[in-house]
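Please read them with the sequence and the structure open.

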Amino acid sequence: MLKGKDILNTAQFSIDELSLIMDTAADYEQKVKNYEIIRDMDGRVVACLFFEPSTRTRLSFESAANRVGARVISVSSAGSSSTAKGETLVDTIRTIDGYIDVIVMRHPEIGSARIAADNARHPVINAGDGSGQHPTQALLDIYTIRKEKGSLEGHTITFLGDLKYGRTVHSLGYFMTMYKNKMIFVSPESLRMPEELTADFRSRGAEIEETDNVSEALSRSDIVYVTRIQRERFNNPEEYEKLKGSYIIDRNTINKAKKGITVLHPLPRVDEISTDLDDYEGAAYFRQAHNGIFVRMALLALVSGVR
Ligand code: NCD
């Protein structure tokens, strides 16, 4: 179903494809927990090209590729590749396409993943294109929601923080719409969810509310998805200084929220989730990061056609 496909954005998926990815990830999770040696991608090479900083996404992709039996080559900063000499993305991709079987790429420009996909014969997986999309994060987010909540449907989820530049919420919004969850958007006025995205979610049947009342929103939410203010996307550093620390979720906030609320965050956090929340049982953000391994193993194997 996914063999040879590029993974560029979350609007591209059908429910059947999502079920296949979740089930394949669950199967790999079991195998990893049993210390099975997996050779599904034996003989294949995955390129991890990261032209923007990353800890979780790059290392979990590299770990996932290794665990599923592939070998990995990588670029871990724009400064360490010929990008620094002025090579275009198109030329870089055309070259690397001849070395590998799958390309995983993070890049600061919106739309860069599409350009890479148009210039590669092999599947391209978007690991974040500027403030555009981050589909593999959204896949691990729904895998986490399914595990934490027992189902993917019918929840109320609050998206909190930088909804303008945060690519993870842009991606997750499509999945929440597909699985009929209600979304509440809470952000500083200047960091609201882009209008064209809200309109697109609504045209697909989403129920959306926007509010600035965090505690009221959390009193009705089954899940809160917190995001970092995306400092690197601001043209004006003063603007960032004004907005940083706008929302801080701590133990006290969660004590007043709906009982059993699950707290998600793609990480890294700066100060928007206080560390006093880390031992709350619904604080799922480190489990969420861990789930990235299984979902990325599944994706690599599926686009390669070995599963
Ligand atoms: C996110 C990203 O890069 O968009 N991080 C991640 O991949 N887990 C979120 C962020 O940087 O704030």
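1. Terms first. Two strands pair if DSSP finds at least two bridges between them. Helices (H or I, at least four residues) and strands (E, at least two) are DSSP runs, numbered from the N terminus. With those terms, I184 stands opposite E209 in β7.

2. Basis of the values. The model is predicted, and local features need pLDDT of at least 70, side-chain atom pairs count only at pLDDT 80 or more, and totals for chains, interfaces and linings use all residues. Residues are numbered from 1 along each chain as its sequence is written, and side-chain values use heavy atoms, with hydrogens and water left out.

3. The sheet. An open sheet is formed by 5 strands in the order β7-β6-β5-β8-β9, with parallel pairing. Its edge strands, each pairing on one side only, are β7 (207-210) and β9 (262-264). From one strand to the next, the twist averages 20°; the angles are taken between N-to-C directions, from 0 to 180 degrees, of axes that are lines fitted to C-alpha atoms, for helices over the stretch in contact.

4. Strand β6 and its partners. Strand β5 (residues 156-160) runs parallel to strand β6 (residues 182-186), and 5 bridges join the two. Within this pair, I157 has M183 as its bridge partner, and L160 has V186. On the β7 side, β6 pairs in the parallel sense over 4 bridges.

5. Helix α6 (residues 167-178) forms a right-handed β-α-β unit with β5 and β6. A crossover is right-handed if, with the strands pointing away from the viewer, the path from the first strand over the helix to the second runs clockwise.

6. Burial of β6. Is β6 mostly covered or mostly open? It is mostly covered, as 5 of its 5 residues are buried (buried means under 20% relative accessible area, exposed over 50%, partly exposed in between, with a 1.4 Å probe and protein chains only). One side of β6 holds K182, I184 and V186 and the other holds M183 and F185, and these are all buried. In a regular strand the side chains alternate between the two faces of the sheet.

7. Domains. The domain assignment gives domain 1 (10-133 + 292-304) and domain 2 (135-288); such bounds come from an automatic or database domain assignment. The centres of domain 1 and domain 2, taken over C-alpha atoms, are 25 Å apart. Across the boundary, 30 residues of domain 1 are in contact with 24 residues of domain 2, where contact means heavy atoms within 4.5 Å.

8. The cores. A nonpolar core is a set of buried Ala, Val, Leu, Ile, Met, Phe, Trp, Tyr and Cys residues joined through side-chain atoms within 4.5 Å. The largest one has 60 residues, and F159 and L300 have the most contacts inside it. Helix α11 (residues 285-304) gives the most to this core, with 10 residues. Why does this core lie between domain 1 and domain 2? It lies there because both domains give residues to it. A second, separate core has 20 residues, among them V226, I254, L267 and A283.

9. Backbone points to check. Most residues other than glycine have a negative phi, and most peptide bonds are trans. L267, in the loop between β9 and α11, has a positive phi near 65°. The peptide bond from L267 to P268 is cis, with omega near 5°. L267 is buried, with a relative accessible area of 10%. Y35, in the loop between α1 (15-33) and β1 (45-50), also has a positive phi, near 55°. Y35 counts as exposed because its relative accessibility is 75%.

10. One more loop residue. T275 also lies in the loop between β9 and α11. T275 counts as exposed, at 59% relative accessibility. From C-alpha to C-alpha, T275 and M22 are 30 Å apart in space, and they are 253 residues apart in sequence.
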